[in-house]
Each structure stands twice: as structure tokens, then as C-alpha cells.
Amino acid sequence: MSILEVNHVSIRYITGDFKDIGLKEYVLRRMTGNYQVHEFWADQDISFLLEKGDMLGIIGTNGAGKSTLLKAVSGIMEPTKGWVKREGSIAALLELASGFDGDLTVRENTYLRGAMLGYTRKFMDNMYGEIIDFAELDDFQDRPFKQLSSGMKSRLAFSIASLVRPDILILDEVLSVGDGAFRKKSETKMKEIIGSGATTILVSHSLGQVRNMCNKVLWLHRGQQMAFGSQVQEICDQYEAFLKKG
């Protein structure tokens with residue numbers, strides 16, 4: 001039985017000059033037919049199916065439509081065409097360092113983010129030490145969050161988020177945080193989550209991560225679905241050859 005089904009999903013952005021001209025001028029131009037609207041299809045006719053325990057790697061260059069597709073899969077955005085069917089709970093780590101308060105301490109932000117993810121105070125009390133230890137921030141607990149480097153911020157966010165045990169987990173470039181040692185530790189943690197039965201979607205520019213961790217792969221290019229399937233090595237090879245040609 002499938003836990004996630006994406007069926008012929010297309011997503012369109014509409015842009016115009018309303019912000020530049022204001023409401024009054026907008027109404028006048030609409031009445032006279034002098035208002036310009038532009039359409040941009042970020043994704044077109046994307047379809048794939050995942051079952052419990054699958055790990056899908058999504059590959060493609062910048063502008064391929066990867067992040068937009070994840071927003072539709074996670075429920076943040078409704079597709080313009082097609083539909084997405086999900087079974088069970090879903091957690092999406094799309095922008096790791098967002099949602100923190102720069103003036104609060106690392107400790108305070110840890111509890112704040114935990115509350116945003118639905119964790120109880122008791123649960124956070126029990127897990128706080130493990131979170132800080134995993135993020136390697138023992139010496140920064142009482143510092144303002146804004147004083148941390150971008151890598152430290154991402155490490156904290158990943159450490160908190162890795163406590164999640166959803167049915168579907170979406171990761172957008174989150175395994176690239178920190179140095180090489182922390183990336184390896186992050187991959188190990190994600191393998192534990194996957195081993196627990198979670199269905200996972202990973203967007204990564206690291207083909208090594210996709211080859212090593214994923215049993216299915218989706219290749220997008222300029223909003224088009226180039227390939228999808230369980231032939232991970234073959235599709236990654238095709239993508240690498242495509243990049244070399246470009």
C-alpha cells in the first residue's frame with residue numbers, strides 16, 4: 001500500500017505588476033485591459049509513488065522545481081493541477097534555520113522550536129541534553145542565537161528536528177550542514193529514522209548521498225520529470241552525464 005502518491009502534479013506561479021503600481025492604478029489598468037500577467041510553471045506533470053520505508057532522492061540543478069514540489073508534497077502549497085495523497089503524519093525540514101528568535105538564547109530557542117514541532121515541555125526537558133550534545137553546542141547554550149554561525153544554527157535545527165518520528169519525512173539539503181564529521185553523523189541519524197520505517201524524501205546536490213542512502217530517485221529539470229524509479233545508480237549516472245554535457 002502506498003503511503004505517498006503524487007499524481008500528475010503541476011504548479012504555476014502568476015506574477016504581475018500590482019505591487020509596483022498600487023490598487024487604484026491596478027483597477028484602472030484592469031478596466032482598460034492594460035494589466036500584464038505572467039505565468040511560470042515551476043513543475044509540470046510530476047508523478048511518483050512511495051511505500052512505507054522508501055527513501056526517495058530528488059536530484060536536479062537549481063531551478064529544477066525541487067523545493068516547489070516539496071511544498072506541494074508537504075501540504076504548504078496546493079498544486080495547480082493534479083493531486084497529492086498522503087497517509088499518516090508528515091514532517092518537512094525545508095528551511096532549517098528559520099523560525100528561531102535571534103535575541104533568545106540557544107537554550108530558549110531549543111525549547112521554542114520543540115514547542116513549534118509539538119513536543120511537550122517534559123519531553124524537551126528529557127531530550128535537551130541529547131539535542132545540545134548532538135549539535136555540538138555545549139559551550140553556547142546561554143549565548144544569543146544571533147551570535148551563532150550559520151553552520152551552528154543549522155546543526156541545532158537538525159538536532160531538534162531529528163527527534164521527529166513521522167510517517168513521512170521531507171529533507172531539503174539538510175544533510176549538507178556542518179563540516180564533514182557532522183554530515184556523517186547526520187547521515188547516521190537519518191539512517192536510524194529510516195530504519196524505524198519512516199518514508200523519506202531527500203533533496204540533495206550530493207549524488208554520493210543519494211547513491212548511498214536512497215532506494216528510489218526522481219530527476220527534475222526545469223520543472224520536467226526526466227526520470228523516476230528504483231534504478232538509483234543508473235539514473236544518477238545519466239544525471240552526471242547530463243551535467244558534463246552542459
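View 1. Ala, Val, Leu, Ile, Met, Phe, Trp, Tyr, Cys and Pro count as nonpolar, Asp, Glu, Lys and Arg as charged, and the others, Gly among them, as polar. This is a predicted model, in which local features need pLDDT of at least 70, side-chain atom pairs count only at pLDDT 80 or more, and totals for chains, interfaces and linings use all residues. Residues are numbered from 1 along each chain as its sequence is written, and side-chain values use heavy atoms, with hydrogens and water left out. Of its 15 lining residues, Gly63, Ala64, Gly65, Lys66 and Ser67 are the closest to the centre. Strand S2 (37–51) and helix H2 (66–74) are the elements that each give two or more residues to the lining. H2 gives the most, with 3 residues. (A pocket is an open set of points on a 1 Å grid over the protein atoms alone, where a 1.4 Å probe fits, with protein on both sides within 12 Å along at least five of seven lines; lining residues have an atom within 4 Å of a point. Helices, H or I of at least four residues, and strands, E of at least two, are DSSP runs numbered from the N terminus.)

**View 2. Helices H3 and H4 cross at roughly 130°.** H3 spans residues 106–116 and H4 spans residues 121–135; their axes come within 10 Å. (Axes are lines fitted to C-alpha atoms, for helices over the stretch in contact, and angles run from 0 to 180 degrees between N-to-C directions.) The two helices are therefore oblique to each other. (Under 35 degrees is roughly parallel, over 145 roughly antiparallel, 65 to 115 roughly perpendicular, and the rest oblique.) The crossing is right-handed. (Right-handed means that the near helix is turned clockwise from the far one by less than a right angle.) On H3, Val106, Arg107, Thr110, Tyr111 and Gly114 make the contact; on H4, Arg121, Met124, Asp125, Tyr128, Ile131 and Ile132 do. (Contact means heavy atoms within 4.5 Å.) These residues divide into 6 nonpolar, 2 polar and 3 charged.

**View 3. H3 also packs with helix H5, residues 150–161.** The angle is about 40°, and the axes are 10 Å apart. H3 is therefore oblique to H5. Val106, Thr110, Arg113 and Gly114 of H3 touch Leu156, Ala157 and Ile160 of H5. Here the classes are 4 nonpolar, 2 polar and 1 charged.

**View 4. H4 and H5 pack at about 140°.** Their axes are 8 Å apart. This crossing is right-handed. H4 supplies Glu130, Ile131, Ile132, Phe134 and Ala135, and H5 supplies Arg155, Leu156, Phe158, Ser159 and Ile160. The contact has 7 nonpolar, 1 polar and 2 charged residues.
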